[in-house]
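Here is a short note for your review. Please read the points alongside the model.

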Amino acid sequence: MKFPMKGFKEKLYINIFSILAFSSLFFLGGIVFVLFKEGLPIFKKVNFFEFVSGRFWYPTYDPPEFGILPLLLASFQVTLGAMFVCVPLGIGSALYLNEIASFKQRKIMKSLVEILAMIPSIIYGFFGIAILVPFLQNLLNLPTGLCAFSASLVLGIMATPTACSIAEDALSYVPRSFKEASFALGANRWQTLVKVVIPAAGSGISSAVILGMSRIVGETMVVLMLAGGAAVIPKSFFEPVRPITAAIAAEMGEVALGSDHYHALFAIAIILFFITFVFNVIAESISRKYRLKLGLAQ
Amino acid sequence: MKYVRLLIVTVVLMSFGLNAYGEKIIVEGSTTVLPIAQKAAEVFMKNNPKANISVRGGGSGVGIASLIDGNCDIADSSRPIKPSELEKAIARGKDIKAHVIAMDGIAVIVHPNNKIKGLTKKQIKDIYTGKISNWSQVGGDNQKIVVVSRDSASGTFEAFGELVLDKEKVRPDAIMQASNQAVVSVVAKTNGAIGYVGLGYIEPSVKALEINGVMPSKEAVLTEKYPVARPLFMYTNGTPQGLVKEFIDFIKSAQGQRLVDEDGFVALK
């Protein structure tokens, strides 16, 4: 304890705050426990390999088929598509904000980007359903605009502020002396940016990308509204698909409690939990390394 | 010590009192009937604060099994009781009584620009299972059919699967939507789409199809002319009495049937 205890009140406050601090640990533990308790029973009926590699998701038929490969691939496809949108947009705008924008511009734009990050995902979904989907349908003459492409596009736009904000932080951590040294050697602005600033901020930018990805993988509302929800192995970006989060959200509400289908949905959630967990661990370890490299670690 | 004993006696007496005060019944079964039962129970309990009605889902089979075992007082079911279940009930000395509380009708809808007026049940089945994939195969324009279905856990999906698809699987690339409303909005925006919704959800933005030559309507459902419809049941053990009777009477009353109507089912009157 860094400060001396003065009496009962102090102790009380310390205890209250440590309980608050540990409560998140408690919640995390509770969530993990419930996920496993409710998810593992399905593996008595289907083995794990069949579950992950099965090509058909017919959970309510008799006999049911619990193959989540189409769902996993759909999540993968939509995430990949969204990355094509969010990486260039997010990193590009971070570079602009950090390198080119004037102080005033940066202040205004950065708060605008943060406002974009605050918009609830259902509003992105509405935007997609009302404007993007009919537009794409007419423009490309698709049978339906509810497809992986629409979902990817909206998810990409949605994850842009997250990626931009973190990448901008990473860029601003690059010490001024690096840039000054580069300019002193006669490098121009572009050379400095490409050869000095980006490599120095590289791991920070990578962790921005990975955190953006983890937001996209776990996003539910947008894919539920826009991806179409067909549980097929994705063949093209312009066909309906069913990512794992959409499957859980759509089916959990009406599934019979304690049925195999119910356990299967929890098992999917375990897999989703691991995917985002791994992403976050990777992002965290990259950004720690990067701080060490620049001598910023504490 | 004296006080402690007094306290215990008081608590015990109070709990007796609570039991005598409110009668409790359990309603269990079909997820299709669940929204009706739930809403009816809420309104009923608001009107009769003493009543305690607990409503659970689980499925028609679960509800009936539970009624036979004596674990619930009313079993919701979206299908008639099976002979095997009836035998089991008789063997246990139960006298199962059926009460039709509403009708469930499903309309098949297409985009208003579609020139098709009606389909047969067989054609709809072939479209949903993937044997027919172009409108020209059923007399329409040369256009790909976009199949829109409800999510596989929903009651409407289950009813459609039983009444039209004979439990065959919907083609895996069908678009799945999470609510009747979402199906309507997708079909209204998509030229080649076909979808199905509860009868209460038909809107001017979509076109309902005749099935086997019969236009979906409440009268057609009630007169059993419309083929994609089924009665919804509540089963009881013996002639209902007490709270069970009051609750079922309430659902069959004008007020209860209005709740049925609000949920998109077909009221009996």
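1. Buried means under 20% relative accessible area, exposed over 50%, and partly exposed in between (1.4 Å probe, protein chains only). Helices (H or I, at least four residues) and strands (E, at least two) are DSSP runs, numbered from the N terminus.

2. This is a predicted model: local features need pLDDT of at least 70, side-chain atom pairs count only at pLDDT 80 or more, and totals for chains, interfaces and linings use all residues. Residues are numbered from 1 along each chain as its sequence is written, chains are lettered from A and ligands numbered from 1 in the order in which they are written, and side-chain values use heavy atoms, with hydrogens and water left out.

3. Helix 5 of chain A spans residues 121-139 and bends by about 40° at Gly128(A). The bend is the angle between axes fitted to the seven residues ending there and the seven starting there. Gly128(A) is also one of the buried residues of this helix, which include Tyr124(A), Leu132(A) and Leu136(A). Their cover includes helices 4, 6 and 9 of chain A and helix 7 of chain B. Just past the helix, Asn141(A) has a positive phi of about 55°.

4. The contact (heavy atoms within 4.5 Å) takes 25 residues from chain A and 27 residues from chain B. There are two salt bridges between the chains, where a side-chain nitrogen of Lys or Arg lies within 4 Å of a carboxyl oxygen of Asp or Glu. Lys169(B) and Glu65(A) form a salt bridge at 2.5 Å, N to O. Strand 7 of chain B gives the most to its side, with three residues.
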